[in-house]
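Me: I would like to learn how to read the features of a two-chain model. Please take them one at a time.

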Amino acid sequence: MSNSPLEPHYDVVWPLGRKAATGAVAAPRVADLNGKVICELWDEIFRGESIYPLVRKHITERYPGAKFIPHTEFGDFFGPRDRAVLATIPDKLRAHRVDAAIVGIGA
Amino acid sequence: MVEKLGIPTVSIIGSGFVKQAQVVIKGLGVPLAVGVYPGAPMVDSDAELAAKVEKNLAPELVAGLTRDLARPAAPARADSEPARGQIVFSGNFDEVQDYFHEQLWSDGLPVVPPTRERVHAFLEYTDRSADDVFLIAPPEGREASIYSIAVNGVMAGCRPEYMPVLIAIVEAMCDPNFRLEDAGSTPGWEPMVVVSGTIIKELNLNYGQGVMRAGRQANTSIGRFMRMYLRNVCGYRIPPGAGDKGSIGQNFIVALAEDEDSAAQLGWSTFGEDCGFAQGENAVTVQSVVCISPPLYSAGDTALGHVQQFTDILSRVFAYGCYSGIKRGFWTPLIIVGPGIAQVIAREWSKDKVKTYLWENMTIPASLMKHFCWQTAATTIDFSKLVEEGTLPERYAASDDPDRPIPMIVQPDHIGLVVAGDPERNQSRGYMSNNTQGSRTSRRVVLPKRWPELLARHKSH
(Lines give C-alpha, C1' and ligand atoms only; values in the text may rest on other atoms or scores of the structure.)
Protein backbone atom coordinates (compact mmCIF):
# COMPACT_ATOMS: atom_id res chain seq x y z
CA MET A 1 0.00 0.00 0.00
CA SER A 2 1.37 3.38 -0.95
CA ASN A 3 1.51 6.20 1.58
CA SER A 4 3.42 8.64 -0.57
CA PRO A 5 2.52 12.24 0.25
CA LEU A 6 2.58 12.88 -3.49
CA GLU A 7 -0.25 10.51 -4.12
CA PRO A 8 -3.55 12.28 -4.77
CA HIS A 9 -6.28 12.26 -2.18
CA TYR A 10 -9.90 11.76 -3.05
CA ASP A 11 -12.95 13.22 -1.37
CA VAL A 12 -15.58 10.60 -2.12
CA VAL A 13 -19.36 10.75 -1.90
CA TRP A 14 -21.86 8.32 -0.42
CA PRO A 15 -22.85 5.67 -3.00
CA LEU A 16 -26.18 4.60 -1.54
CA GLY A 17 -29.68 6.04 -1.86
CA ARG A 18 -31.77 7.67 0.81
CA LYS A 19 -33.80 5.32 2.95
CA ALA A 20 -37.46 5.86 2.36
CA ALA A 21 -39.07 3.54 4.87
CA THR A 22 -41.96 5.09 6.72
CA GLY A 23 -41.87 3.48 10.12
CA ALA A 24 -44.95 1.51 11.06
CA VAL A 25 -46.19 0.10 14.31
CA ALA A 26 -46.84 -3.60 14.69
CA ALA A 27 -50.44 -4.67 14.90
CA PRO A 28 -51.55 -5.45 18.45
CA ARG A 29 -50.85 -9.09 19.28
CA VAL A 30 -53.54 -11.52 20.41
CA ALA A 31 -52.87 -12.62 23.98
CA ASP A 32 -55.22 -15.59 23.82
CA LEU A 33 -55.80 -17.43 20.54
CA ASN A 34 -58.91 -19.14 21.86
CA GLY A 35 -61.89 -18.03 19.85
CA LYS A 36 -59.66 -16.30 17.32
CA VAL A 37 -59.52 -16.87 13.57
CA ILE A 38 -56.06 -17.66 12.23
CA CYS A 39 -55.42 -17.68 8.49
CA GLU A 40 -52.72 -19.67 6.75
CA LEU A 41 -51.04 -18.08 3.75
CA TRP A 42 -48.78 -20.40 1.78
CA ASP A 43 -46.58 -20.01 -1.28
CA GLU A 44 -47.00 -23.73 -2.05
CA ILE A 45 -43.34 -24.64 -1.65
CA PHE A 46 -40.98 -26.06 0.93
CA ARG A 47 -43.30 -28.67 2.46
CA GLY A 48 -46.03 -26.44 3.76
CA GLU A 49 -48.51 -29.26 3.16
CA SER A 50 -46.73 -31.07 6.02
CA ILE A 51 -45.75 -28.09 8.16
CA TYR A 52 -49.11 -26.28 8.38
CA PRO A 53 -51.07 -29.28 9.75
CA LEU A 54 -48.39 -29.78 12.41
CA VAL A 55 -48.54 -26.11 13.36
CA ARG A 56 -52.34 -26.29 13.46
CA LYS A 57 -52.16 -29.30 15.79
CA HIS A 58 -49.66 -27.55 18.06
CA ILE A 59 -51.83 -24.46 18.38
CA THR A 60 -55.10 -26.36 18.79
CA GLU A 61 -53.64 -28.39 21.66
CA ARG A 62 -52.90 -25.16 23.51
CA TYR A 63 -55.80 -23.07 22.26
CA PRO A 64 -58.67 -25.50 21.57
CA GLY A 65 -60.95 -22.66 20.52
CA ALA A 66 -58.70 -21.41 17.73
CA LYS A 67 -60.22 -21.58 14.26
CA PHE A 68 -58.14 -21.90 11.09
CA ILE A 69 -58.77 -20.70 7.57
CA PRO A 70 -56.67 -22.94 5.29
CA HIS A 71 -54.33 -21.58 2.64
CA THR A 72 -56.55 -22.94 -0.11
CA GLU A 73 -58.99 -20.13 0.67
CA PHE A 74 -56.39 -17.56 -0.37
CA GLY A 75 -54.43 -19.19 -3.19
CA ASP A 76 -50.75 -19.39 -4.03
CA PHE A 77 -49.24 -15.95 -3.48
CA PHE A 78 -45.99 -17.03 -5.16
CA GLY A 79 -47.48 -18.69 -8.24
CA PRO A 80 -48.16 -17.49 -11.76
CA ARG A 81 -51.01 -15.26 -10.61
CA ASP A 82 -49.22 -14.04 -7.50
CA ARG A 83 -50.04 -10.36 -7.85
CA ALA A 84 -53.70 -11.07 -8.56
CA VAL A 85 -53.82 -13.39 -5.56
CA LEU A 86 -52.16 -10.80 -3.32
CA ALA A 87 -54.66 -8.18 -4.42
CA THR A 88 -57.56 -10.34 -3.22
CA ILE A 89 -56.12 -11.16 0.19
CA PRO A 90 -57.20 -8.04 2.13
CA ASP A 91 -60.85 -8.54 1.21
CA LYS A 92 -60.68 -12.23 2.04
CA LEU A 93 -59.10 -11.49 5.40
CA ARG A 94 -61.94 -9.12 6.18
CA ALA A 95 -64.57 -11.57 4.94
CA HIS A 96 -63.23 -14.31 7.20
CA ARG A 97 -62.84 -11.85 10.09
CA VAL A 98 -59.24 -12.96 10.51
CA ASP A 99 -57.58 -12.12 13.84
CA ALA A 100 -54.07 -13.41 13.12
CA ALA A 101 -52.04 -14.68 10.17
CA ILE A 102 -49.27 -17.18 9.56
CA VAL A 103 -47.36 -16.64 6.32
CA GLY A 104 -44.82 -18.97 4.73
CA ILE A 105 -42.61 -20.47 3.67
CA GLY A 106 -39.32 -18.76 3.03
CA ALA A 107 -36.55 -21.33 2.91
CA MET B 1 -49.02 -6.29 3.88
CA VAL B 2 -51.16 -8.20 6.39
CA GLU B 3 -49.52 -6.56 9.39
CA LYS B 4 -50.32 -3.14 7.88
CA LEU B 5 -53.99 -4.16 7.84
CA GLY B 6 -53.79 -4.36 11.62
CA ILE B 7 -53.66 -8.14 11.74
CA PRO B 8 -50.82 -9.63 13.78
CA THR B 9 -48.72 -11.74 11.46
CA VAL B 10 -45.90 -14.22 11.86
CA SER B 11 -43.76 -15.57 9.01
CA ILE B 12 -42.23 -19.01 8.64
CA ILE B 13 -38.63 -18.88 7.47
CA GLY B 14 -35.72 -21.28 7.32
CA SER B 15 -32.83 -20.46 9.64
CA GLY B 16 -30.67 -19.58 6.65
CA PHE B 17 -32.93 -16.63 5.87
CA VAL B 18 -32.90 -14.81 9.20
CA LYS B 19 -30.41 -12.17 8.03
CA GLN B 20 -32.38 -11.59 4.83
CA ALA B 21 -35.54 -11.17 6.90
CA GLN B 22 -33.80 -8.55 8.99
CA VAL B 23 -32.85 -6.60 5.87
CA VAL B 24 -36.45 -6.72 4.66
CA ILE B 25 -37.74 -5.64 8.07
CA LYS B 26 -35.50 -2.57 8.02
CA GLY B 27 -36.31 -1.83 4.40
CA LEU B 28 -40.05 -1.95 4.83
CA GLY B 29 -39.96 -0.24 8.18
CA VAL B 30 -42.53 -2.73 9.40
CA PRO B 31 -41.96 -4.94 12.41
CA LEU B 32 -42.08 -8.61 11.52
CA ALA B 33 -42.44 -11.61 13.77
CA VAL B 34 -40.84 -14.80 12.54
CA GLY B 35 -40.90 -18.47 13.40
CA VAL B 36 -37.65 -20.10 12.40
CA TYR B 37 -37.41 -23.62 10.99
CA PRO B 38 -33.89 -24.89 11.75
CA GLY B 39 -32.16 -25.80 8.49
CA ALA B 40 -34.01 -26.61 5.27
CA PRO B 41 -37.23 -28.66 5.34
CA MET B 42 -36.44 -30.11 1.91
CA VAL B 43 -33.71 -32.36 3.27
CA ASP B 44 -35.38 -33.52 6.50
CA SER B 45 -37.22 -36.80 7.04
CA ASP B 46 -40.88 -36.65 8.05
CA ALA B 47 -39.87 -37.42 11.63
CA GLU B 48 -37.20 -34.72 11.69
CA LEU B 49 -39.61 -32.22 10.23
CA ALA B 50 -42.30 -33.03 12.81
CA ALA B 51 -39.80 -32.73 15.64
CA LYS B 52 -38.48 -29.37 14.44
CA VAL B 53 -41.98 -27.96 13.99
CA GLU B 54 -43.04 -29.08 17.45
CA LYS B 55 -39.90 -28.04 19.28
CA ASN B 56 -38.78 -24.92 17.41
CA LEU B 57 -41.09 -23.53 14.79
CA ALA B 58 -44.58 -23.79 16.27
CA PRO B 59 -43.70 -22.27 19.68
CA GLU B 60 -42.09 -19.31 17.92
CA LEU B 61 -45.16 -18.86 15.73
CA VAL B 62 -47.39 -18.81 18.80
CA ALA B 63 -45.07 -16.33 20.48
CA GLY B 64 -45.05 -14.16 17.36
CA LEU B 65 -48.84 -13.88 17.43
CA THR B 66 -49.30 -13.50 21.18
CA ARG B 67 -46.35 -11.53 22.52
CA ASP B 68 -45.59 -7.92 21.77
CA LEU B 69 -42.74 -7.46 19.34
CA ALA B 70 -39.57 -6.23 20.94
CA ARG B 71 -38.16 -4.95 17.69
CA PRO B 72 -39.15 -1.33 17.05
CA ALA B 73 -40.09 -0.11 13.61
CA ALA B 74 -37.38 1.54 11.56
CA PRO B 75 -37.29 5.32 11.77
CA ALA B 76 -38.90 7.26 8.94
CA ARG B 77 -35.47 8.47 7.86
CA ALA B 78 -32.12 7.08 8.85
CA ASP B 79 -30.89 10.43 10.13
CA SER B 80 -27.50 9.01 10.92
CA GLU B 81 -26.88 8.29 7.24
CA PRO B 82 -25.11 10.76 4.95
CA ALA B 83 -27.04 13.08 2.70
CA ARG B 84 -26.97 12.80 -1.08
CA GLY B 85 -23.62 14.06 -2.37
CA GLN B 86 -22.08 14.30 1.07
CA ILE B 87 -18.36 13.59 1.31
CA VAL B 88 -18.07 10.47 3.44
CA PHE B 89 -14.34 9.84 3.25
CA SER B 90 -11.08 11.45 2.21
CA GLY B 91 -7.97 9.48 1.49
CA ASN B 92 -5.58 8.17 -1.08
CA PHE B 93 -6.55 5.49 -3.56
CA ASP B 94 -5.74 2.55 -1.30
CA GLU B 95 -7.45 4.12 1.68
CA VAL B 96 -10.58 4.72 -0.36
CA GLN B 97 -10.58 1.07 -1.43
CA ASP B 98 -10.22 -0.14 2.14
CA TYR B 99 -12.97 2.14 3.36
CA PHE B 100 -15.39 1.05 0.67
CA HIS B 101 -14.62 -2.63 1.30
CA GLU B 102 -15.22 -2.16 5.02
CA GLN B 103 -18.53 -0.45 4.38
CA LEU B 104 -19.56 -3.25 1.96
CA TRP B 105 -19.84 -0.66 -0.83
CA SER B 106 -17.59 -2.54 -3.21
CA ASP B 107 -17.91 -5.67 -5.34
CA GLY B 108 -14.44 -6.79 -4.29
CA LEU B 109 -12.61 -5.22 -7.19
CA PRO B 110 -11.02 -1.78 -6.90
CA VAL B 111 -13.56 0.97 -7.47
CA VAL B 112 -13.02 4.31 -9.15
CA PRO B 113 -13.21 6.87 -6.31
CA PRO B 114 -16.58 8.64 -6.70
CA THR B 115 -15.56 12.24 -6.29
CA ARG B 116 -18.10 15.02 -6.77
CA GLU B 117 -16.33 16.06 -9.95
CA ARG B 118 -16.60 12.61 -11.49
CA VAL B 119 -20.24 12.25 -10.48
CA HIS B 120 -21.01 15.67 -11.92
CA ALA B 121 -19.45 14.62 -15.23
CA PHE B 122 -21.93 11.74 -15.41
CA LEU B 123 -24.87 13.98 -14.54
CA GLU B 124 -24.04 16.15 -17.53
CA TYR B 125 -25.16 13.27 -19.74
CA THR B 126 -28.80 13.42 -18.67
CA ASP B 127 -31.43 16.12 -18.72
CA ARG B 128 -33.13 14.57 -15.73
CA SER B 129 -32.81 15.92 -12.21
CA ALA B 130 -30.26 14.19 -10.01
CA ASP B 131 -33.04 13.77 -7.46
CA ASP B 132 -35.41 11.90 -9.78
CA VAL B 133 -36.30 8.57 -8.23
CA PHE B 134 -37.47 5.48 -10.13
CA LEU B 135 -38.38 3.28 -7.21
CA ILE B 136 -37.93 2.67 -3.53
CA ALA B 137 -35.76 -0.31 -4.24
CA PRO B 138 -36.07 -3.55 -2.32
CA PRO B 139 -34.89 -5.01 -0.05
CA GLU B 140 -33.29 -2.08 1.82
CA GLY B 141 -35.96 0.42 0.82
CA ARG B 142 -33.58 2.99 -0.67
CA GLU B 143 -34.29 5.49 -3.40
CA ALA B 144 -33.09 4.37 -6.82
CA SER B 145 -32.22 7.86 -8.01
CA ILE B 146 -30.39 9.41 -10.94
CA TYR B 147 -27.67 10.53 -8.52
CA SER B 148 -27.12 7.01 -7.21
CA ILE B 149 -26.81 5.77 -10.80
CA ALA B 150 -24.08 8.32 -11.47
CA VAL B 151 -22.13 7.44 -8.32
CA ASN B 152 -22.21 3.73 -8.97
CA GLY B 153 -21.45 4.26 -12.64
CA VAL B 154 -18.30 6.08 -11.64
CA MET B 155 -17.34 3.33 -9.21
CA ALA B 156 -17.89 0.57 -11.79
CA GLY B 157 -15.43 2.16 -14.20
CA CYS B 158 -18.00 3.45 -16.67
CA ARG B 159 -17.36 6.53 -18.79
CA PRO B 160 -19.67 9.53 -18.34
CA GLU B 161 -21.19 9.04 -21.80
CA TYR B 162 -22.55 5.64 -20.72
CA MET B 163 -24.91 7.45 -18.35
CA PRO B 164 -28.01 7.34 -20.64
CA VAL B 165 -27.59 3.58 -20.93
CA LEU B 166 -27.12 3.18 -17.18
CA ILE B 167 -30.28 5.18 -16.51
CA ALA B 168 -32.29 3.05 -18.96
CA ILE B 169 -30.98 -0.12 -17.32
CA VAL B 170 -32.01 0.98 -13.82
CA GLU B 171 -35.35 2.22 -15.13
CA ALA B 172 -35.94 -1.23 -16.68
CA MET B 173 -34.91 -3.04 -13.51
CA CYS B 174 -37.27 -0.83 -11.49
CA ASP B 175 -40.24 -1.78 -13.70
CA PRO B 176 -42.62 -4.04 -11.74
CA ASN B 177 -42.38 -6.52 -14.60
CA PHE B 178 -38.71 -7.11 -13.76
CA ARG B 179 -39.43 -8.09 -10.15
CA LEU B 180 -36.42 -6.48 -8.56
CA GLU B 181 -37.65 -7.82 -5.24
CA ASP B 182 -36.59 -11.31 -6.37
CA ALA B 183 -33.00 -10.41 -7.29
CA GLY B 184 -31.65 -11.94 -4.08
CA SER B 185 -33.27 -15.36 -4.51
CA THR B 186 -31.30 -18.55 -3.96
CA PRO B 187 -30.71 -19.45 -7.64
CA GLY B 188 -28.33 -16.48 -7.73
CA TRP B 189 -29.35 -15.15 -11.13
CA GLU B 190 -27.62 -12.20 -12.75
CA PRO B 191 -29.11 -9.38 -14.79
CA MET B 192 -27.97 -9.31 -18.40
CA VAL B 193 -28.47 -6.32 -20.66
CA VAL B 194 -28.77 -6.27 -24.44
CA VAL B 195 -27.94 -2.86 -25.90
CA SER B 196 -29.59 -1.92 -29.20
CA GLY B 197 -29.30 0.98 -31.61
CA THR B 198 -26.78 3.42 -32.93
CA ILE B 199 -25.37 3.96 -29.47
CA ILE B 200 -23.61 0.59 -29.78
CA LYS B 201 -21.01 2.11 -32.06
CA GLU B 202 -21.04 5.51 -30.40
CA LEU B 203 -20.00 3.91 -27.11
CA ASN B 204 -17.65 1.42 -28.77
CA LEU B 205 -19.46 -1.64 -27.47
CA ASN B 206 -18.07 -4.93 -28.70
CA TYR B 207 -20.53 -7.03 -30.68
CA GLY B 208 -18.02 -9.24 -32.46
CA GLN B 209 -15.52 -11.86 -31.44
CA GLY B 210 -15.32 -12.24 -27.64
CA VAL B 211 -18.54 -10.28 -27.20
CA MET B 212 -19.28 -11.69 -23.75
CA ARG B 213 -15.71 -11.59 -22.50
CA ALA B 214 -14.48 -8.90 -20.12
CA GLY B 215 -12.06 -6.59 -21.88
CA ARG B 216 -13.93 -3.90 -23.77
CA GLN B 217 -14.56 -0.98 -21.42
CA ALA B 218 -18.18 -0.33 -22.33
CA ASN B 219 -19.37 -3.94 -22.22
CA THR B 220 -17.44 -4.75 -19.07
CA SER B 221 -18.12 -1.70 -16.96
CA ILE B 222 -21.82 -1.55 -17.84
CA GLY B 223 -22.14 -5.21 -16.83
CA ARG B 224 -20.24 -4.53 -13.62
CA PHE B 225 -22.45 -1.54 -12.91
CA MET B 226 -25.59 -3.68 -12.80
CA ARG B 227 -24.24 -5.95 -10.08
CA MET B 228 -22.82 -2.99 -8.15
CA TYR B 229 -26.15 -1.21 -8.27
CA LEU B 230 -28.00 -4.27 -7.00
CA ARG B 231 -25.47 -4.54 -4.21
CA ASN B 232 -25.08 -0.93 -3.13
CA VAL B 233 -28.43 0.72 -3.75
CA CYS B 234 -30.81 -2.24 -3.52
CA GLY B 235 -28.85 -3.95 -0.75
CA TYR B 236 -28.23 -7.38 -2.24
CA ARG B 237 -24.98 -8.19 -0.43
CA ILE B 238 -23.35 -11.53 0.23
CA PRO B 239 -21.80 -12.22 3.66
CA PRO B 240 -20.66 -10.48 5.73
CA GLY B 241 -23.61 -8.48 4.41
CA ALA B 242 -27.09 -9.85 3.82
CA GLY B 243 -29.94 -9.45 1.38
CA ASP B 244 -28.40 -11.53 -1.40
CA LYS B 245 -29.33 -15.16 -0.74
CA GLY B 246 -27.81 -16.52 -3.95
CA SER B 247 -26.62 -19.85 -2.60
CA ILE B 248 -23.65 -20.10 -4.92
CA GLY B 249 -24.26 -17.26 -7.37
CA GLN B 250 -22.27 -16.25 -10.40
CA ASN B 251 -20.19 -13.34 -11.64
CA PHE B 252 -21.64 -10.25 -13.32
CA ILE B 253 -22.39 -10.57 -17.03
CA VAL B 254 -20.84 -8.08 -19.41
CA ALA B 255 -23.26 -6.07 -21.55
CA LEU B 256 -24.28 -7.68 -24.82
CA ALA B 257 -24.47 -5.59 -27.97
CA GLU B 258 -26.06 -6.93 -31.13
CA ASP B 259 -24.31 -7.06 -34.48
CA GLU B 260 -27.06 -5.00 -36.08
CA ASP B 261 -25.21 -4.68 -39.38
CA SER B 262 -25.20 -8.46 -39.79
CA ALA B 263 -28.85 -8.72 -38.79
CA ALA B 264 -29.77 -6.12 -41.40
CA GLN B 265 -27.75 -7.85 -44.11
CA LEU B 266 -29.55 -11.11 -43.35
CA GLY B 267 -32.94 -9.49 -43.62
CA TRP B 268 -33.68 -10.39 -40.01
CA SER B 269 -35.15 -7.91 -37.58
CA THR B 270 -32.80 -6.78 -34.83
CA PHE B 271 -33.42 -7.85 -31.26
CA GLY B 272 -34.30 -4.24 -30.51
CA GLU B 273 -37.00 -4.35 -33.18
CA ASP B 274 -38.25 -7.65 -31.74
CA CYS B 275 -38.63 -5.80 -28.43
CA GLY B 276 -40.76 -3.08 -30.04
CA PHE B 277 -38.24 -0.42 -31.04
CA ALA B 278 -37.49 1.07 -34.44
CA GLN B 279 -34.47 -0.06 -36.38
CA GLY B 280 -31.44 1.75 -34.96
CA GLU B 281 -33.37 3.15 -32.01
CA ASN B 282 -31.34 3.19 -28.81
CA ALA B 283 -32.72 0.83 -26.20
CA VAL B 284 -31.75 -1.62 -23.52
CA THR B 285 -33.38 -4.90 -22.64
CA VAL B 286 -32.59 -6.46 -19.28
CA GLN B 287 -33.39 -9.99 -18.20
CA SER B 288 -32.21 -12.48 -15.63
CA VAL B 289 -29.73 -15.19 -16.48
CA VAL B 290 -29.56 -18.23 -14.24
CA CYS B 291 -27.87 -20.65 -16.62
CA ILE B 292 -25.50 -20.27 -19.56
CA SER B 293 -25.09 -23.02 -22.13
CA PRO B 294 -21.77 -24.33 -23.39
CA PRO B 295 -20.77 -23.01 -26.79
CA LEU B 296 -23.26 -24.25 -29.37
CA TYR B 297 -21.13 -25.38 -32.28
CA SER B 298 -23.20 -26.24 -35.31
CA ALA B 299 -22.21 -27.26 -38.81
CA GLY B 300 -23.67 -27.65 -42.30
CA ASP B 301 -25.26 -25.45 -44.88
CA THR B 302 -28.91 -25.93 -43.99
CA ALA B 303 -31.05 -23.99 -41.54
CA LEU B 304 -32.49 -27.19 -40.10
CA GLY B 305 -29.05 -28.58 -39.32
CA HIS B 306 -28.12 -25.60 -37.17
CA VAL B 307 -31.47 -25.11 -35.47
CA GLN B 308 -31.69 -28.84 -34.74
CA GLN B 309 -28.31 -28.59 -33.03
CA PHE B 310 -29.62 -25.68 -30.92
CA THR B 311 -32.61 -27.87 -30.05
CA ASP B 312 -30.53 -30.92 -29.15
CA ILE B 313 -28.17 -29.02 -26.86
CA LEU B 314 -30.51 -26.50 -25.25
CA SER B 315 -33.18 -29.08 -24.50
CA ARG B 316 -30.59 -30.84 -22.38
CA VAL B 317 -28.92 -27.79 -20.81
CA PHE B 318 -32.21 -26.09 -19.95
CA ALA B 319 -34.06 -29.31 -19.04
CA TYR B 320 -33.59 -28.90 -15.32
CA GLY B 321 -34.39 -25.25 -14.77
CA CYS B 322 -37.30 -24.75 -17.12
CA TYR B 323 -39.84 -26.27 -14.73
CA SER B 324 -39.93 -23.08 -12.65
CA GLY B 325 -40.73 -21.02 -15.74
CA ILE B 326 -43.37 -23.50 -16.88
CA LYS B 327 -44.93 -23.35 -13.43
CA ARG B 328 -45.33 -19.59 -13.83
CA GLY B 329 -46.19 -19.72 -17.51
CA PHE B 330 -43.19 -17.62 -18.50
CA TRP B 331 -39.46 -17.73 -18.93
CA THR B 332 -37.25 -16.30 -21.63
CA PRO B 333 -34.45 -18.18 -23.33
CA LEU B 334 -32.07 -15.94 -25.22
CA ILE B 335 -29.73 -17.25 -27.89
CA ILE B 336 -26.72 -15.37 -29.21
CA VAL B 337 -26.49 -16.61 -32.77
CA GLY B 338 -23.06 -16.30 -34.36
CA PRO B 339 -23.24 -14.13 -37.50
CA GLY B 340 -21.89 -16.94 -39.69
CA ILE B 341 -24.53 -19.34 -38.38
CA ALA B 342 -27.27 -16.75 -38.73
CA GLN B 343 -26.23 -16.26 -42.35
CA VAL B 344 -26.83 -19.92 -43.15
CA ILE B 345 -30.12 -20.08 -41.28
CA ALA B 346 -31.44 -16.81 -42.71
CA ARG B 347 -31.02 -18.04 -46.28
CA GLU B 348 -33.95 -20.40 -45.61
CA TRP B 349 -35.71 -19.45 -42.39
CA SER B 350 -37.12 -16.32 -40.82
CA LYS B 351 -36.50 -15.56 -37.18
CA ASP B 352 -40.07 -16.55 -36.41
CA LYS B 353 -39.57 -19.93 -38.02
CA VAL B 354 -36.49 -20.55 -35.89
CA LYS B 355 -38.45 -19.69 -32.75
CA THR B 356 -41.38 -21.86 -33.76
CA TYR B 357 -39.11 -24.83 -34.45
CA LEU B 358 -37.43 -24.52 -31.06
CA TRP B 359 -40.79 -24.14 -29.34
CA GLU B 360 -42.17 -27.24 -31.04
CA ASN B 361 -39.13 -29.44 -30.59
CA MET B 362 -37.57 -28.56 -27.24
CA THR B 363 -39.41 -30.94 -24.93
CA ILE B 364 -38.89 -32.83 -21.69
CA PRO B 365 -40.81 -35.82 -20.26
CA ALA B 366 -43.51 -34.59 -17.89
CA SER B 367 -42.35 -37.02 -15.20
CA LEU B 368 -38.80 -35.65 -15.33
CA MET B 369 -40.01 -32.07 -15.05
CA LYS B 370 -42.07 -33.01 -11.98
CA HIS B 371 -39.04 -34.75 -10.52
CA PHE B 372 -36.90 -31.63 -10.97
CA CYS B 373 -39.62 -29.50 -9.43
CA TRP B 374 -39.76 -31.70 -6.34
CA GLN B 375 -35.99 -31.77 -5.96
CA THR B 376 -35.80 -28.00 -5.83
CA ALA B 377 -38.67 -26.92 -3.67
CA ALA B 378 -40.44 -30.06 -2.46
CA THR B 379 -43.48 -29.25 -4.49
CA THR B 380 -45.17 -30.47 -7.63
CA ILE B 381 -46.47 -29.05 -10.86
CA ASP B 382 -50.10 -29.57 -11.86
CA PHE B 383 -50.29 -29.08 -15.64
CA SER B 384 -54.07 -29.49 -15.81
CA LYS B 385 -54.61 -26.82 -13.18
CA LEU B 386 -52.20 -24.43 -14.91
CA VAL B 387 -54.03 -24.95 -18.21
CA GLU B 388 -57.40 -24.53 -16.55
CA GLU B 389 -56.46 -21.19 -14.99
CA GLY B 390 -54.96 -19.96 -18.27
CA THR B 391 -51.31 -19.97 -17.24
CA LEU B 392 -50.35 -22.58 -19.85
CA PRO B 393 -51.74 -23.37 -23.32
CA GLU B 394 -53.95 -26.45 -23.89
CA ARG B 395 -50.95 -28.31 -25.26
CA TYR B 396 -49.69 -28.98 -21.72
CA ALA B 397 -52.75 -31.01 -20.73
CA ALA B 398 -53.22 -32.89 -23.98
CA SER B 399 -52.41 -36.26 -22.44
CA ASP B 400 -52.29 -38.05 -19.09
CA ASP B 401 -49.24 -40.09 -20.06
CA PRO B 402 -46.74 -39.35 -17.26
CA ASP B 403 -43.86 -39.55 -19.72
CA ARG B 404 -45.44 -37.45 -22.46
CA PRO B 405 -43.15 -34.79 -23.93
CA ILE B 406 -43.80 -31.38 -22.38
CA PRO B 407 -42.81 -28.22 -24.28
CA MET B 408 -39.97 -26.50 -22.47
CA ILE B 409 -40.86 -23.06 -23.83
CA VAL B 410 -44.37 -21.71 -23.29
CA GLN B 411 -44.67 -19.53 -26.39
CA PRO B 412 -42.39 -19.06 -29.43
CA ASP B 413 -42.14 -15.31 -28.88
CA HIS B 414 -40.60 -15.86 -25.45
CA ILE B 415 -37.40 -16.81 -27.29
CA GLY B 416 -34.91 -14.04 -27.98
CA LEU B 417 -32.45 -14.26 -30.87
CA VAL B 418 -29.51 -11.86 -30.92
CA VAL B 419 -26.95 -11.90 -33.73
CA ALA B 420 -23.50 -11.32 -32.24
CA GLY B 421 -20.14 -12.94 -31.71
CA ASP B 422 -17.40 -14.24 -33.95
CA PRO B 423 -18.41 -13.99 -37.62
CA GLU B 424 -15.69 -16.43 -38.62
CA ARG B 425 -16.56 -19.30 -36.30
CA ASN B 426 -19.61 -21.57 -36.13
CA GLN B 427 -20.53 -20.82 -32.54
CA SER B 428 -23.64 -19.61 -30.72
CA ARG B 429 -24.67 -19.67 -27.02
CA GLY B 430 -27.86 -19.90 -24.97
CA TYR B 431 -28.95 -18.04 -21.84
CA MET B 432 -31.78 -19.03 -19.54
CA SER B 433 -33.85 -16.66 -17.42
CA ASN B 434 -34.96 -17.53 -13.89
CA ASN B 435 -38.70 -17.92 -14.56
CA THR B 436 -40.49 -14.58 -14.08
CA GLN B 437 -37.77 -13.23 -11.79
CA GLY B 438 -35.86 -10.66 -13.77
CA SER B 439 -38.41 -10.85 -16.58
CA ARG B 440 -37.24 -9.43 -19.89
CA THR B 441 -37.88 -5.68 -19.71
CA SER B 442 -36.94 -2.98 -22.23
CA ARG B 443 -36.46 0.76 -22.03
CA ARG B 444 -35.61 3.39 -24.61
CA VAL B 445 -32.28 5.10 -24.01
CA VAL B 446 -32.99 8.81 -23.67
CA LEU B 447 -30.11 10.99 -24.80
CA PRO B 448 -29.55 14.49 -23.45
CA LYS B 449 -30.33 17.39 -25.78
CA ARG B 450 -26.61 18.20 -25.95
CA TRP B 451 -25.67 14.63 -26.90
CA PRO B 452 -23.87 15.49 -30.17
CA GLU B 453 -21.83 18.18 -28.46
CA LEU B 454 -21.05 16.01 -25.44
CA LEU B 455 -20.15 13.06 -27.62
CA ALA B 456 -17.84 15.20 -29.72
CA ARG B 457 -16.16 16.36 -26.54
CA HIS B 458 -15.66 12.78 -25.37
CA LYS B 459 -14.23 11.77 -28.75
CA SER B 460 -11.76 14.62 -28.67
CA HIS B 461 -10.35 13.40 -25.33
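Reply: Start with contact: two residues are in contact if their C-beta atoms, placed from the backbone, lie within 7 Å. This is a predicted model, in which local features need pLDDT of at least 70 and side-chain atom pairs count only at pLDDT 80 or more, while totals for chains, interfaces and linings use all residues. Residues are numbered from 1 along each chain as its sequence is written, and chains are lettered from A, ligands numbered from 1, in the order in which they are written.

Me: Which strands form the open sheet, and in what order?

Reply: Two strands pair if DSSP finds at least two bridges between them. Here 5 strands lie in the order β3(A)-β2(A)-β4(A)-β1(B)-β2(B), with parallel pairing. The edge strands, each pairing on one side only, are β3 (67-69) of chain A and β2 (33-37) of chain B. Strand β4 (residues 100-106) of chain A and strand β1 (residues 9-14) of chain B run parallel and are joined by 4 bridges. In this pair, Val103(A) stands opposite Ser11(B).

Me: How should I read the packing of helix α5 and helix α6 of chain B?

Reply: Axes are lines fitted to C-alpha atoms, for helices over the stretch in contact, and angles run from 0 to 180 degrees between N-to-C directions. Helix α5 (residues 146-155) of chain B packs on helix α6 (residues 163-173) of chain B at about 120 degrees, with the axes 10 Å apart. Angles under 35 degrees count as roughly parallel, over 145 as roughly antiparallel, 65 to 115 as roughly perpendicular and the rest as oblique. α5(B) and α6(B) are therefore oblique to each other.

Me: Which residues meet there?

Reply: Ile146(B), Ile149(B), Ala150(B) and Gly153(B) of α5(B) meet Met163(B), Leu166(B), Ile167(B) and Val170(B) of α6(B). This contact has 7 nonpolar, 1 polar and no charged residues.

Methods. Helices (H or I, at least four residues) and strands (E, at least two) are DSSP runs, numbered from the N terminus. Ala, Val, Leu, Ile, Met, Phe, Trp, Tyr, Cys and Pro count as nonpolar, Asp, Glu, Lys and Arg as charged, and the others, Gly among them, as polar.
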